[in-house]
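Welcome! Please take a look at the sequence and the model below, and then we can walk through some of its parts together.

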Amino acid sequence: MATERRGKTAVLVTAMVSILMLGSACDRGGKQAGQAANLVEVAAGLPVGDLWRQDFAFADMDGDGERDLITAPPRKSKEPWPHIFLHRQDRWEPAPCDELVHRGFPREYGYGGITVADFDADGKPDIALAIHEVGIRLLKNRGQGPCGPWEEETLPREIQSFHSRAIVAADMNGDRRADIVVLSEAPPLNDGRDAPGIAILWNEPGGWRLQSILGSEGLFGDDVAVGEVNGDGVPDIAIGSLSDSRPQFLWLSDGKGGWQAANATGLPEFMIAWSVQLADVDNDGKDELIMGVGGAPVRKNGGPRVYRWDGEKWTSLSQGLPQVSWVCGVTATDLDRDGKKEIIAATMYTGEVRVYGQLPDGTWGERVSLKVPGEEKQRNYKVRAFVPNDSQVPIVVANYAGEGTGRIIAWRWQ
């Protein structure tokens, strides 16, 4: 009897610990049975202490064939320039630039958005910054490694003064040159002027040219993405609109330099998106819109969301995702390499990170829930993922910042 009681007690304790580790399930979908995998922290070498906002990017910065982590300058930092962390299997190493002034960068910069691409086709990655309340800056690598030296390229004045914190590089017209897409940030209070909206910085043989997207005036937000939504082979633009009266999240190209916003038919009212991604979730060869949706809880439409555009209206593919979950960073990637993408979502202020997988009936179920220690008073800004060459297992990265501290953290699925 004593042995039996001990056995029952052990089972009960194990069950209670499992429940505590899972946390509150008030806004989660059902768990997928039989899933033992988890997000395991692989953050050794990543920074703790500065305010790591707004964004980060991945690129091979040292020529070893592995993608590294490049961050926007941290806010209110003693080292206000981009930071490069070289990926070394399950750890990270800051680029060895300590002996150089500003770690090889030409001067100090403010925080904001960042994107990395080889803009001049010289075989070396360049860095473009979207600096809060300043504008766009382009940094060219004049050396042979991550320490540069880096040199700031002169851009046309209308590009330099475009206020943004959301920037992405992509070949927008098929000429094999990386262009830049930017979304304006919220205009200052009492400014009286509309935000300029969306713009494309065309990387042309004669220099950079800015094209403002007509009809996007007044739009603003903190995220922008490029993908292919309607199957015409021409890149489309997704934006994280933070105006709940302007749900113009998708902009479609006509292939001739014109752009048209997809209508809002099929979308709930009063939506804003803190983050956006275009990714093929249903494996039909066309991208869906993945969003980290915020808004009033009474609307019951806050959390990770997936929508398919059919040319006339939106269809929700969000069944099983929480109705109310104040998330910020959201990304989709195939964590377990089964051919189906999972969604990784980070709540804005609670430090929780959740993984949702696709069930056989087409709905979503929660697979993993974890909590980042000490992040309750820090806000998440972005969640992004990349696939390293050494293992082909995706690595997920998230950045956090509060009033006095922050961090960057990474996980591997195993």
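What follows is a short tour of a sheet, a core and some aromatic rings.

This is a predicted model, in which local features need pLDDT of at least 70, side-chain atom pairs count only at pLDDT 80 or more, and totals for chains, interfaces and linings use all residues. Residues are numbered from 1 along each chain as its sequence is written, and side-chain values use heavy atoms, with hydrogens and water left out.

Let us begin with an open sheet of four strands, antiparallel in its pairing and ordered S22-S23-S24-S25. Strands here are DSSP runs (E, at least two residues), numbered from the N terminus, and two of them pair if DSSP finds at least two bridges between them. At the edges are S22 (327–333) and S25 (364–371), each pairing on one side only. Four bridges join S23 (residues 342–347) to S24 (residues 352–358), and Ala345 stands opposite Arg354 in S24.

Next comes the largest nonpolar core, with 31 residues, where Leu69, Val353 and Trp411 touch the most other members. Such a core is a set of buried Ala, Val, Leu, Ile, Met, Phe, Trp, Tyr and Cys residues joined through side-chain atoms within 4.5 Å; buried means under 20% relative accessible area (1.4 Å probe, protein chains only). Among the elements giving two or more residues to this core are S23, S24 and S25.

Finally, the rings: there are seven aromatic pairs in the structure. Rings of Phe, Tyr and Trp (its six-membered ring) pair if their centres lie within 6.5 Å, and planes over 60 degrees apart count as edge-to-face. Trp52 and Phe85 have ring centres 6.3 Å apart and planes at 75 degrees, so their pair is edge-to-face. Both Trp52 and Phe85 are buried.

Conventions: Buried < 20%, exposed > 50% of the residue type's maximum accessible area, 1.4 Å probe, protein only. Phe/Tyr/Trp six-rings, centres within 6.5 Å; stacked < 30°, edge-to-face > 60°.
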